[in-house]
Amino acid sequence: MKDLAAKGAIVLEGTEDLTGILPTTGSLQKFGPLEVRLEAVDRQGTAEVSGDLRIDVEQSCSRCLAPVHQHITTHFHETFVKGEEPEESEDDDEEVDPVIYISEDRVDLKPLLAESVMLALPFVPLCSENCQGLCPVCGTDRNVEACGCKQDKVDPRLAGLADFFKQE
């Protein structure tokens, strides 16, 4: 923070390796290096860091499990204040931008960058909007071939009624 206060603004550009920070479980299978373009600005004792993040990722399609390659671009914005977090009082009804309180002059941004990337990932990645998914009966990829499995969906609340009509 001392360097930032002396210079007023610092541009942070480059790539970051998030291996070991980003999980490779769940739908996220692979990812490339994170391209970072940030600017840190001193604003009267606070450090405001903002900019853009770009990363190539591979996720599993939520319907058919095929790999989905995507280029993710997201905005990053955090405000840092050196010192102790003040205790909240009941009189503070104002909405204030959240800040991160730090005790050191240096901040490790990697965990925060990884968090921004995770929040930017699609919650339900799809290989295509009309993906048919896997057959719940036999597991065949219905995008490749039709399996012919019978998939009558009967509301369980009406199952007894269906048995009633079978008796006649």
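This is a predicted model: local features need pLDDT of at least 70, side-chain atom pairs count only at pLDDT 80 or more; totals for chains, interfaces and linings use all residues.

Trainee: Why is Phe165 called exposed?

Mentor: Its relative accessible area is 52%. Exposed means over 50%, so Phe165 gets that label.

Trainee: What makes Leu158, Leu161, Phe164 and Phe165 a nonpolar patch?

Mentor: Patch members need over 30% relative accessible area and no salt bridge, and nonpolar side chains are joined within 5 Å. These four form such a patch on the surface, with about 420 Å² of accessible area together.

Trainee: Now Thr74, in strand S5 (residues 67-82). Why is Thr74 called buried?

Mentor: Buried means under 20%. Thr74 has a relative accessible area of 18%, so it counts as buried.

Trainee: And what makes Ser116 buried?

Mentor: Ser116 sits in helix H2 (residues 110-120). Its relative accessibility is 14%, and the cut-off is under 20%, so Ser116 is buried as well.

Trainee: How do you know that Thr74 and Ser116 touch?

Mentor: Contact means heavy atoms within 4.5 Å. Leaving out residues up to four places away in sequence, Thr74 touches Gly51, Asp52, Leu53, Ser116 and Ala120. With that exclusion too, Ser116 touches Leu53, Thr74 and Phe76.

Trainee: And how much of the protein chain is buried?

Mentor: Buried residues make up 25% of its 168 residues. The chain has three helices and six strands, in the order α-β-β-β-β-β-β-α-α along the sequence.

Technical notes: Residues are numbered from 1 along each chain as its sequence is written. Side-chain values use heavy atoms; hydrogens and water are left out. Patches are made of residues with over 30% relative accessible area and no salt bridge: like charges are joined within 9 Å, nonpolar side chains (Val, Leu, Ile, Met, Phe, Trp, Tyr) within 5 Å. Accessible areas come from the Shrake-Rupley method with a 1.4 Å probe; for residues, only the protein chains shown count as cover. A salt bridge is a side-chain nitrogen of Lys or Arg within 4 Å of a carboxyl oxygen of Asp or Glu. Buried means under 20% relative accessible area, exposed over 50%, partly exposed in between (1.4 Å probe, protein chains only). Helices (H or I, at least four residues) and strands (E, at least two) are DSSP runs, numbered from the N terminus.
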